[in-house]
Amino acid sequence: MVSASVHLATAATRQRRLQAVADQLTELGKRSVWRAKHVHKLRVCCKRWRSVVRLLPRRQRTPAWQQFDNSLRALAQGFGQARDQQVLVDTLQLLASTAVTADEREACSTILLSFPPPLAALNPVAEQTGQIHQLAGSPPRLPPALDKELASTLQRNYRQSRRTARQALRKDADVETLHRFRKRVKYLCYQIELLSRYRHPLYADMSMLGSMLGKIHDLQVLQMELAKMELPPAHGLVLNQLLRQQLTLLRKAVDPVCSRCFAEPRLQGFSQD
């Protein structure tokens, strides 16, 4: 495996990439009706910008930056209920697609009918629309002459993610531990995307790892939701068996991807030439 240094993007390029997120938010703010894909786009925009805050040296994390981070989190959480309902239904439908026997298909379809349907459309309240326009009108600006500090922070974030990978991918790792690791991976992916002049070879594997961890997390959340429901014993047994099978398969698939990302330092230094 060849480690690669990152060719650092210029400050102007980095700012254009941040402005592109603002442009997406502006377009979303014009919508009167939102669907699941728009909620997803909003949350991705918020995460991209929140990843910037985590690149700043501590001395640069002013109260204004902290307020900016809090506003992004609040905006994303405001659409959380609609997103969570959609994810539960999508995950159960995905689970149903893996069903082989008639009992498995019957259990999935029966439980699916008992779930509250996801919102077909979501009308943002005026306060949310105002937040979107306010944030889109003031995209984050990275302070000048921070190249060394940004590079150092990115490498530190990579090393921290590498250290937590083993703990998060243990078979007995709880949902919250895995969720924290997934957030680290996602932020790291966005940071590499922002700072790299060219598409870094690590980006594809890191992006894939984040998506796979997301699927594991969704299955774990579905597992917890099913545990709260009063299911017919036969259906509960079948669904839990399906969930365990899918979680086992996904964890096996994650291992080689995680090894490619973290088995040896693949993020080694920055180059400005």
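Q: Which residues have the most contacts inside the largest nonpolar core?

A: As a general idea, nonpolar side chains in soluble globular proteins tend to be buried together. In this predicted model the largest nonpolar core has 71 residues, and those with the most contacts inside it are Leu42, Trp49, Phe181, Met206, Leu209 and Phe262. The largest share of this core, 11 residues, is supplied by helix H10, which spans residues 233–262. Leaving aside residues up to four places away in sequence, Phe262 touches Phe181, Met206 and Leu209, and also Tyr158, Ser161, Arg162 and Ala165.

Q: How is the second largest pocket lined, by class?

A: In general, a probe the size of a water molecule, rolled over the atoms, shows where empty space is left. Here the second largest pocket holds about 590 Å³ of space, and 20 residues line it, with Arg43, Lys47, Arg83, His179 and Arg182 lying nearest its centre. By class, the lining comprises 10 charged, six nonpolar and four polar residues. Helices H2, H3, H4, H8 and H9 each supply at least two residues of that lining.

Q: Is Gln191 buried or exposed?

A: The general idea is to compare the relative accessible area with a cut-off, buried being under 20%. Gln191 is buried because its relative accessible area is 2%. Gln191 lies in helix H8, and a polar atom of its side chain lies 3.0 Å from the backbone oxygen of Ser51. Among the residues that Gln191 touches, not counting those up to four places away in sequence, are Arg54, Leu55, Leu154 and Asn157.

Terms used:
Residues are numbered from 1 along each chain as its sequence is written. This is a predicted model: local features need pLDDT of at least 70, side-chain atom pairs count only at pLDDT 80 or more; totals for chains, interfaces and linings use all residues. Side-chain values use heavy atoms; hydrogens and water are left out. A nonpolar core is a set of buried Ala, Val, Leu, Ile, Met, Phe, Trp, Tyr and Cys residues joined through side-chain atoms within 4.5 Å. Buried means under 20% relative accessible area, exposed over 50%, partly exposed in between (1.4 Å probe, protein chains only). Helices (H or I, at least four residues) and strands (E, at least two) are DSSP runs, numbered from the N terminus. Contact means heavy atoms within 4.5 Å. On a 1 Å grid over the protein atoms alone, a cavity is a set of points where a 1.4 Å probe fits but cannot get out, and a pocket is an open set with protein on both sides within 12 Å along at least five of seven lines; lining residues have an atom within 4 Å of a point. Grid points are joined across faces, edges and corners, and a volume is the space filled by probe spheres set on the points. Ala, Val, Leu, Ile, Met, Phe, Trp, Tyr, Cys and Pro count as nonpolar, Asp, Glu, Lys and Arg as charged, and the others, Gly among them, as polar. A polar contact is a pair of N or O atoms within 3.5 Å; within protein, one must be able to donate a hydrogen and the other to accept it, and residues adjacent in sequence count only if both atoms are side-chain atoms.
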